[in-house]
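Keep the viewer open and follow along.

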Amino acid sequence: MKNVFVFDHPLIQHKLALIRDENTGSKEFRELVEEVAVLMAYEVTRHLPLEEVEVKTPVGPAKVKMLCGKKLGIVPILRAGLGMVNGMLKLIPAARVGHIGLYRDPDTLMPVEYYCKLPSDVSERELIILDPMLATGGSAAKAVEILKEKGANNIKLMCLIAAPEGIEAVHKQHPDVEIYTAAVDEKLNSHGYIIPGLGDAGDRLFGTK
Ligand code: PRP
Ligand code: URA
């Protein structure tokens, strides 16, 4: 699949298996989602450009490589995307964080926007949208649309589990957006839930029902 990257790192796969398990409670679920986000941050930043600079070690000058000022932004989709923020910030502490509030209407499954607060310079940043679940793709596609309306032109989407239907829907509207995921599952059920998925990510993270 073009512009779809599935993380096959054994630690990510192992932790995702624990996250999916219905016996995993909210505390452990939150910890695991954060840990997976750290590992994904490592993978999703492989392409960042480096420049050679000089630092002074205690015994002399050294030519070293440092990130050369690419501006990053991470944009969790509320609520469940919040679970991935701290993991990302552990490896990319200078990233700015924007928030987009969307919920799925339970009848139509269409995304409803209720909040948006973004860094003022999104057009200059590489943005990574965070949401554990890419189901119908409505929420992710809407988030990309909101970011593009504000001038963003470099957008990636990072999730834990994607349904084929969601990947297709996002790429139909936004073929330029690279999708990073730990798994592509089988399908959606009639309520728009990913099968086998992990259930309702927001409820499992925050202990609601
Ligand atoms: C979930 C999930 C995604 C969305 C995915 O959020 O976190 O944002 O559903 O579904 P889609 O691809 O069909 O749009 P939900 O709407 O349940 O809101 P919540 O995070 O506040 O619980
Ligand atoms: N949202 C979730 O939290 N889980 C799904 O399976 C689909 C949408």
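In this predicted model, the largest nonpolar core has 38 residues, and those touching the most other members are Ile 19, Met 40, Met 84, Met 88, Leu 130, Met 158 and Leu 160. Several helices and strands each supply at least two residues of this core, among them helix 1 (10-20), strand 4 (72-78), strand 10 (155-162) and helix 6 (201-206). The largest share, 9 residues, comes from helix 2. A second, separate core holds 24 residues, including Ala 143, Val 144, Leu 157 and Val 170. As general background, nonpolar side chains in soluble globular proteins tend to be buried together.

Now zoom in on Ile 19.

Arg 204 is found in helix 6. What is the nearest side chain of opposite charge to this buried arginine? It belongs to Asp 21, 6.2 Å away, and Arg 204 has no salt bridge, a term that calls for a distance within 4 Å.

Finally, turn to ligand 1. Of the 13 residues around it, Arg 104, Asp 131, Thr 136, Gly 137 and Ser 139 come nearest. An oxygen atom of ligand 1 is 2.5 Å from an N or O atom in the Thr 136 side chain, and an oxygen atom of the ligand is 2.7 Å from an N or O atom in the side chain of Arg 104. The backbone takes part too, with a polar backbone atom of Ala 80 lying 3.2 Å from a ligand 1 oxygen.

Notes:
Residues are numbered from 1 along each chain as its sequence is written. Chains are lettered from A and ligands numbered from 1 in the order in which they are written. This is a predicted model: local features need pLDDT of at least 70, side-chain atom pairs count only at pLDDT 80 or more; totals for chains, interfaces and linings use all residues. Side-chain values use heavy atoms; hydrogens and water are left out. A nonpolar core is a set of buried Ala, Val, Leu, Ile, Met, Phe, Trp, Tyr and Cys residues joined through side-chain atoms within 4.5 Å. Buried means under 20% relative accessible area, exposed over 50%, partly exposed in between (1.4 Å probe, protein chains only). Helices (H or I, at least four residues) and strands (E, at least two) are DSSP runs, numbered from the N terminus. Lys and Arg count as positive and Asp and Glu as negative; His and the chain ends are not counted. A residue is near a molecule or strand if one of its heavy atoms lies within 4 Å of it. A polar contact is a pair of N or O atoms within 3.5 Å; within protein, one must be able to donate a hydrogen and the other to accept it, and residues adjacent in sequence count only if both atoms are side-chain atoms.
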